[in-house]
Amino acid sequence: MPRTLFDKIWDFHLVGQRADGRDLIYIDRHVLHELHAHHAFAQLEKQQRPVHRPDLTFAVQDHTVATKPGRDDDTNPSGTAFLKAMREGTRKNGIKLFDIDDPEQGISHVVAPELGIVMPGATHAVPDSHASTVGGVGALAFGCGTSELTHILATQVMALKRPKHMRVRLDGRLGAHVSAKDVALRLIAELGVAGARGYAVEYAGAAIRAMPIEQRMTLCNLNIEMGGRSGFVAPDEKAFAWLEGRPYAPQGAMWDRALDSWRTLTTDADAALDREVALDCSALEPQITWGTDPSQVVGISGRVPDPAAIDPSRRAAAESAFAYMGLKPGIPLAGLPVDRVFIGSCTNSRLPDLEVAAAVVRGRRVAEGVVAMVVPGSSTVKREAEAAGLDRVFRDAGFFWGESGCSMCAGGNGDRGAPGERCVSTTNRNFANRQGPKVRTHLASPATAAASAIAGRIADVRQLLSGVA
Amino acid sequence: MQPFTSHTGIAAPLLKDDINTDQIAPILNARSLKEDYKALLFMRARQREDGSEDPNFVLNKPQFRAAGILVSGHNFGAGSSRESAVWSMLANNIRVIVARSFADIYRENCLQNGLLPVVLGPEVADAFAARVVAVDGSAPFTVDLLTQRITGPGGADIAFEIPAADRMRLFEGLDDIGLTLKHMDEITSWEQRAAAAQPWLQTARDSR
């Protein structure tokens, strides 16, 4: 019987069925972060249950770490207790921790693929909704809450209901300065914030094949913003080449054996899908959000919609978004003055993201009055960027160049905007108050964020680079 | 987990779609490992700019202060997977959320904690929302998991559907880890099979 890629991974990892009908799915790699892990460690201790596979479990400090150079546990005082509890919990349970001062510390979703901890065909869980970022290398990942995290620690399986299967076909070729971020924002706009609820989503098509692995990760990262828990791309030679030689990836003869297996990870022709959607990416321009949910998106040359033209069921939400964002219907987005620009987060903080932004910034200056930050997704990315001189490009232009972590994505480390500020951000959520009370977030690509920092206004990177201002 | 059989409480209408977990349980600056989940619930929405209470927010209205049931729209609990967005409901004795749909991870977190997620179809949901608004906290509703019915003032009983397995789990307050640990033999034999078939999955070693 023809099977989808999802079926192949799910079926291989099916351990059994529980009394309540849920499938027990084995989790090959479990990565914890400090914001939630301490609850789980405390629970396990109380229940006197051991961690079943500490050797398949990893931990990072990412949500609460300060980004200031020379940071330590106390630089962000509200994070201190979390960092210490994580250190203690991982030590007691024999779990490898990438601590705040580890040369490979970083955001879980950046670190796990970068070190080869996750692989094609592997299952992966993180107590974080953006877990499926690693779908970009062909892993099947599940974000989860704290109780599920505790459950995985104790059993190494998740008790899941099999989701439906959706394929998103991305046709055509991306234009210059258009990236996976723009594709994802357009998709969320088309399908809605709950469009993929209940589905595992496979991204396929010509545009996917042409995408570098890091961009595939950006796309899979944003899958949850349309409600999908798991999103992934069938791994190909590009993915294998990307992974080869990474420290935790299989080596030598084991690598060859893994490769043989990974080459079977495709969706068979004629495999049954519950839903298929297609998007032609050829005509896509850079996209940006105007509202307070990630489906409220326009093209960079577009105008904020008129509520009269919005579906009645979405109108009240749009009107409250207008008020929060300080916008009027019908005005163009490009040209709005910005106060702050943030480049980073699990969505867009890998080396190629920073290279794209640096190419825009090189030889230019951040506009006066704009606070602009770059926060690499991992200490490894930071080091590689510095070796390539990108830190100088950003610093010379007036950007803050930080230590790696989640930073301003959710502000858990104290990096926040001031009330009323308009912020162009490469992150994943433009929810009200997320980047600080009353901060007005516009989600966009690294190229658009960089161009907006230079222009001091929401900018079309294509115009900035061609000198048409 | 606290078993769920039936819950009686005032039903508070928060009739919006896409209520996200940042709204339900914001990440705050001054945090400790022991968060005050009672105070955390909708903390930003509850306060005005000067830090005083916003009398217009539904849970601040006198008739809804002790609400035990929250009634909302589509895609309730979208966003971050943080479980504090469930714990903060329970800390306020809200044990039922009636919505048109729930975000996947939030619904799972509800089931883990004995918070009953009730989904009503469009027409029933419209009628129930109107009824909750009309009753305006003057009398409580009862949500019964055994009979799968909502009873209360201002109209007939409302039947709701919930998958049998989810119902059993809530009803018996089953220990989720305990349920799975009954399968430990299957887990270890899977590990042995995987170690033979795809050995790279069963070892995670730094090759350097």
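Colleague: How far apart do the C-alpha centres of domain 1 and domain 2 of chain A lie?

Modeller: In this predicted model, those two centres of chain A are 24 Å apart.

Colleague: And where do the domains of chain A run?

Modeller: The assignment puts domain 1 at 5-162, domain 2 at 164-236 + 266-280, and domain 3 at 287-466.

Colleague: How many residues of domain 1 of chain A are in contact with domain 2 of chain A?

Modeller: There are 19 from domain 1 of chain A, and they meet 19 residues of domain 2 of chain A. On the domain 1 side, helix H1 (5-13), helix H4 (108-114) and strand E7 (140-143) of chain A supply at least two residues each. E7(A) has the largest share, with 4 residues.

Colleague: What classes of residue make up that side of domain 1 of chain A?

Modeller: It has 10 nonpolar and 9 polar residues, and no charged ones.

Colleague: Back to E7(A). Which of its residues sit on which side?

Modeller: A:Leu140 and A:Phe142 are on one side, A:Ala141 and A:Gly143 on the other. All four are buried, so both faces of the strand are covered. In a regular strand, side chains alternate between the two faces of the sheet.

Colleague: Which strand does E7(A) pair with over 4 bridges?

Modeller: Strand E6 (residues 123-126) of chain A, in the parallel sense. Within that pairing, A:His124 stands opposite A:Ala141.

Colleague: How many bridges join E15 and E16 of chain A?

Modeller: Strand E15 (residues 340-343) and strand E16 (residues 371-374) of chain A pair over 4 bridges, in the parallel sense. A:Val341 stands opposite A:Ala372 in E16(A).

Colleague: Now the other chain. How many residues does each of chain A and chain B put into the contact?

Modeller: Chain A gives 60 residues and chain B gives 48.

Colleague: Which element gives the most to the side of chain A that touches chain B?

Modeller: H5(A), with 7 residues. Helix H5 (146-155) is one of several elements of chain A that supply at least two residues each; among the others are strand E1 (14-17), helix H3 (80-93) and helix H10 (252-262).

Colleague: And how do the residues on that side of chain A divide by class?

Modeller: On the side of chain A that touches chain B, 25 are nonpolar, 21 polar and 14 charged.

Definitions and conventions:
Residues are numbered from 1 along each chain as its sequence is written. Chains are lettered from A and ligands numbered from 1 in the order in which they are written. This is a predicted model: local features need pLDDT of at least 70, side-chain atom pairs count only at pLDDT 80 or more; totals for chains, interfaces and linings use all residues. Two residues are in contact if their C-beta atoms, placed from the backbone, lie within 7 Å. Ala, Val, Leu, Ile, Met, Phe, Trp, Tyr, Cys and Pro count as nonpolar, Asp, Glu, Lys and Arg as charged, and the others, Gly among them, as polar. Domain bounds come from an automatic or database domain assignment. A residue is buried if 20 or more other C-beta atoms lie within 10 Å of its own, exposed if 12 or fewer, and partly exposed in between; C-beta atoms are placed from the backbone. Two strands pair if DSSP finds at least two bridges between them.
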